[in-house]
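Please keep the sequence and the structure open while reading.

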Amino acid sequence: MSDPFLQVKDLRVQFPTEDGVVSAVDGVDFAVAKNKVLAIVGESGSGKSVTSQAIMGLINRKTAKVTGEIRLDGEELLTARPEQVRSLRGKRMAMIFQDPLSSLHPFYSIGKQLVEAVNVHQDVSRSAAMQQARDMLDRVGIPNPDRRLKDYPHNLSGGMRQRVMIAMALLNNPELLIADEPTTALDVTVQAQIINLLRDLQREFGTAIILITHDLGVVADMADDVVVMYGGRVVERGSIDDIYYRPEMPYTWGLLGSVPRMDAGRNERLQPIPGQPPSLIRLPKGCVFRPRCAYHELVPGNRCDTERPDLLPVTPEHAVRCHLDPAQRREIAAERLGVATADPAMEDK
Amino acid sequence: MTAVDESNTSVVARRADALLRVEQVQKYFPITGGGLLKRKVGDVKAVESISFDVVPGETLGVVGESGCGKSTAGRTVMKLLDPTGGKIEFEGRDITHLSRKEMVPLRREMQMIFQDPYSSLNPRHTVGSIISAPFKVQGVKPTRGVQAEVQDLMARVGLNPEHYNRYPNEFSGGQRQRIGIARAIALRPKLIVCDEPVSALDVSIQAQVVNLLEDLQDEFRLAYIFIAHDLSVVRHISDRIAVMYLGRIMELAESERIYKAPLHPYTHALTSAVPLPDPRAERSRERILLHGDLPSPINPPSGCVFRTRCPKAQDRCAQEIPVLRELAPGHYGACHFPEERHLI
Ligand SMILES: Nc1ncnc2c1ncn2[C@@H]1O[C@H](COP(=O)(O)OP(=O)(O)OP(=O)(O)O)[C@@H](O)[C@H]1O
Ligand SMILES: Nc1ncnc2c1ncn2[C@@H]1O[C@H](COP(=O)(O)OP(=O)(O)O)[C@@H](O)[C@H]1O
Ligand code: SF4
Ligand code: SF4
Ligand SMILES: [Mg+2]
Ligand SMILES: [Mg+2]
């Protein structure tokens, strides 16, 4: 792999609360290269958004403890001065959120907000900034951009607002784009338009994209690599084909078994994960997934109860956090996911 | 007199054993102008004309984009909203014009489950009193007592019966949805309208709830109307699917046919837009992108309501409303130029 554009190492974020310390992110490692899409998947509360906020420097360091390493193009961000991170934000890295209203101000016109976003990083005239704003609205597929510049957020449909937010994020051609559930609130038809748009923009600008979502269809459609998070940590990491066709971690199996597959018979029963996601305050001592895992008995010596598994490589790209013996994992995966894992990948190798 | 009398735009054959039968049902919401007189200035035509039926033990899925009228349709056929036009029959009886009071006994037979497990439960009532509410409303006294009955129900839906006296905020989203389900099945209804019952839940919890709904269906021979915008979940759970667009049914057929051999251009676009959890399939898939937004239900397009976004639209589509009619046995479509396409 070429040098990653973003490298995250052993990232930890702790929030002290009345009930105790919330370890929202607890040892997260991954990397994203230019021109690639890395998806982060996991249930709500697994630490996806906190991870992205940490990268963007949006976590209040007075109330939360953030440790580890975040390197953007080699530059360490966690130890950088806040002004330095602020100047990178919106310019070299930008973020789009699930709820566009959270990042669009209701009282200012779209045009005014976009112009402001240009002027934070570029010393250009108002009319030049307005021209950039107009062109970007056009690029993201908003009809009548001149008229839309005068509109307010509430005049636009959900899909249209999402596009305005994407336009705002892309104004300064960021090299890293973090999209946190960018299509979750949208209809599939609009979602397809937005995915297409992100793909076109990536082709043009070579952006590195981190896509956060719980929709395994969207991931299959867009991602090159996948990070699976559970209870604040990465439990499996690999190429898209590793995760969908050669998954080795019981939680990943559970996720894949929970979504209806189009290739399976309609009446095939779903295989949900029993129980609920963990509280991040008092995590179990051994494996975080232990309370919901059907396979812990296969690990000798009760290690699932007493010992945190490490994230260990299976291949250079594929890493798994589980005490099970790798050969045994592969056997179970083949059995559980049936045809889906019966290695279509091998055919074209 | 209602507008549907003028144009018979959806026709669905009568099935003898239909539990619920809906004929050209319409629901308008009046828009009133400002000023003292509050004169009516127009209508939101949330449901223009829908026809379908449901037989015992069957699941009818309802899909379509946000605002197309799915929830309004569900609430109208349940008679939680008064229909503007059309006819609703339950077990062969015309219930279109029954009053709220006359509907009370029928509520034992038809129930509803909502999307938001947070707002659909009263936060000040215990789980026990929430689940037993239907007994009170119907004046039903379970032989073994209310508490024992409710605790059975709780166990049946996977809740701990000892949590009888807890409040909704002590439960997770998935558990609250189970509370809603326990309440809905308390009186052993024949039909449950589920409006986005799993949309707010994480995938692993979604699968738990979907399995529970399937088990209850088998056990009690329940019929479901399952409204959702997640097409893969709808396909999984439904026997037949109705695809809605701007207050009308565009296509109605067996689940597999909707996915494998859809005839309507809107269904083509909708099913092709759903990303599959299978990267290999995704790499080779054809996607039909729709352009523009959903038109306003206040001023829907003339002729075929889909024509402003339809890649196949022709002159005739602007002039003539396509009638929902049987194109192949049991397969209904509302299009002047239907054509089978394989997209998955
Ligand atoms: N009480 C009401 N008064 C006026 N208009 C309404 C009312 N309820 C719904 N509508 C309108 O009717 C149309 C259909 O709404 P409905 O809620 O049935 O859509 P839906 O298909 O369930 O959408 P979603 O997927 O977002 O839940 C929309 O245009 C909506 O704004
Ligand atoms: N400011 C905060 N204070 C305390 N806890 C927080 C804060 N922000 C997030 N958390 C907790 O951190 C965990 C991870 O949250 P988040 O990253 O938002 O999850 P998700 O994977 O759904 O995006 C959750 O348990 C959340 O409640
Ligand atoms: S380490 Fe043990 S409990 Fe954790 S996922 Fe592996 S088998 Fe299950
Ligand atoms: S009737 Fe015409 S506009 Fe409507 S779906 Fe068919 S081809 Fe398209
Ligand atoms: Mg989040
Ligand atoms: Mg709705």
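The shell around ligand 2 is made up of five nonpolar, six polar and two charged residues. The model is predicted, and the values below are computed from it. In the shell of ligand 4, by comparison, nine residues are nonpolar, two are polar and two are charged.

**Ligand 2: residues and contacts**

- There are 13 residues around ligand 2, and those that come nearest are Gly45(A), Gly47(A), Lys48(A), Ser49(A) and Val50(A).
- A polar backbone atom of Gly45(A) lies 2.7 Å from an oxygen atom of ligand 2.
- For Lys48(A), a polar backbone atom is 2.8 Å from an oxygen atom of the ligand.
- Val50(A) also places a polar backbone atom 2.8 Å from an oxygen atom of ligand 2.
- On its own, ligand 2 has 560 Å² of accessible area, of which the protein covers 62%.

**Ligand 2: contributing elements**

- Two or more residues of the shell come from each of β1 (6–17), β2 (20–32) and α1 (48–55) of chain A.
- Which element gives the largest share of the shell around ligand 2? That element is α1(A), with three residues.

**Ligand 4**

- Ligand 4 is surrounded by 13 residues.
- The closest of them are Cys304(B), Cys310(B), Cys317(B), Cys335(B) and His336(B).

**Helix pairs in chain A**

- Two packed helices are described by the angle between their axes and by the distance between those axes.
- Helix α6 (residues 158–170) and helix α7 (residues 188–205) of chain A have axes that come within 10 Å and cross at roughly 15 degrees.
- Angles under 35 degrees count as roughly parallel, and α6(A) and α7(A) are therefore roughly parallel to each other.
- The crossing of α6(A) with α7(A) is right-handed.
- Helix α3 (residues 110–121) of chain A packs against helix α4 (residues 126–139) of chain A at an angle of about 110 degrees, and their axes are 9 Å apart.
- Why are α3(A) and α4(A) described as roughly perpendicular to each other? The range for that term is 65 to 115 degrees, and their angle is about 110 degrees, so α3(A) and α4(A) are roughly perpendicular.
- The crossing in which α3(A) passes α4(A) is right-handed.

Technical notes: Residues are numbered from 1 along each chain as its sequence is written. Chains are lettered from A and ligands numbered from 1 in the order in which they are written. This is a predicted model: local features need pLDDT of at least 70, side-chain atom pairs count only at pLDDT 80 or more; totals for chains, interfaces and linings use all residues. Side-chain values use heavy atoms; hydrogens and water are left out. A residue is near a molecule or strand if one of its heavy atoms lies within 4 Å of it. A polar contact is a pair of N or O atoms within 3.5 Å; within protein, one must be able to donate a hydrogen and the other to accept it, and residues adjacent in sequence count only if both atoms are side-chain atoms. Accessible areas come from the Shrake-Rupley method with a 1.4 Å probe; for residues, only the protein chains shown count as cover. Helices (H or I, at least four residues) and strands (E, at least two) are DSSP runs, numbered from the N terminus. Ala, Val, Leu, Ile, Met, Phe, Trp, Tyr, Cys and Pro count as nonpolar, Asp, Glu, Lys and Arg as charged, and the others, Gly among them, as polar. Axes are lines fitted to C-alpha atoms, for helices over the stretch in contact, and angles run from 0 to 180 degrees between N-to-C directions. Angles under 35 degrees count as roughly parallel, over 145 as roughly antiparallel, 65 to 115 as roughly perpendicular and the rest as oblique. A crossing is left-handed if the near helix is turned anticlockwise from the far one by less than a right angle, and right-handed if clockwise.
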